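The sequence and structure are shown below.

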Amino acid sequence: MEFTDVVRTTGAVRRFTDEPVPDETLARVFDNARFAPSGGNRQGWHVVLARSAEVRSRLRELSRAGWEEYAAYAAAGHVPFAPGEDGRWQGPAADIDFAAPAPRNKFVDELERAPVVAVLAVDLRQLAVTDGDLPRQSVVGGASVYPFAQNVLLAARNEGLGGVLTTFLCRREAEVKELLGLPRPYAVAAMLALGVPERHPRKLTRRPVPEFVTFDRFGGPGLPAPEK
């Protein structure tokens, strides 16, 4: 596929056909994705492909628990787990009802049916966290793992596949690490599901360039959008 087609049509895909993804195709996906940048080129990521029914079932349970927390925040009108004005998470707001039944999440509830379920972990010792001592939520460490995750999705799209990245599983990291045998220094960064999509997104909605690229300062003039 052409580069512009890949980046403009790699939307979140959560519904797949029953067609299996051959290991040869998966190998090409990860062979291309591995060229993602990381701090010091340390490539601290590790991917665990969940194949057994037992592992997939447990991942579904743990993802569901994370989804229920997420949904409770959303139902109360909050961005789930978002830091406050001071850049730090203040803990759950008083108006969140964690006991209320969460709406159904078809993707999570039918996780075992996804042709490929991959848990992305990262060795924390390999991350150069240059903002770790700032008085706000740290974000820099993700720069050494999430470009790889996006490369996986782009490489999958190039193979005619679709996929989605979720982080519900991260809310149950201890259980996930025990399930998958992840060593102590590793953290759970995401779960990726891949497969042949029931349909590919044809038109993604994103903000135009002038809204988020400005000159000299935050409120400066916007970079003009390219001519069509």
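What volume does the largest pocket have?

## Largest pocket

The largest pocket has a volume of about 710 Å³. A pocket is an open set of points on a 1 Å grid over the protein atoms alone where a 1.4 Å probe fits, with protein on both sides within 12 Å along at least five of seven lines; lining residues have an atom within 4 Å of a point. Volume is the space filled by probe spheres set on the points.

Of its 25 lining residues, Gln137, Ser138, Tyr146, Thr167 and Cys170 are the closest to the centre. Strand 4 supplies the largest share of the lining, three residues. By class, 18 lining residues are nonpolar, six polar and one charged.

## Model basis

This is a predicted model, in which local features need pLDDT of at least 70 and side-chain atom pairs count only at pLDDT 80 or more, while totals for chains, interfaces and linings use all residues. Residues are numbered from 1 along each chain as its sequence is written, and side-chain values use heavy atoms, with hydrogens and water left out.

## Second largest pocket

The second largest pocket holds about 440 Å³ of space. Its lining includes Val7, Arg8, Leu204 and Phe212. By class, this lining has seven nonpolar, no polar and five charged residues.

## Thr10

Thr10 counts as buried because its relative accessibility is 15%, buried meaning under 20% relative accessible area with a 1.4 Å probe and protein chains only. The side chain of Thr10 reaches the backbone oxygen of Val6 at 2.5 Å.

Conventions. Buried < 20%, exposed > 50% of the residue type's maximum accessible area, 1.4 Å probe, protein only. Polar contact = N/O pair within 3.5 Å; in protein donor to acceptor, adjacent residues only side chain to side chain. Helix = DSSP H or I, 4+ residues; strand = E, 2+ residues; numbered from the N terminus. Nonpolar A, V, L, I, M, F, W, Y, C, P; charged D, E, K, R; others polar.
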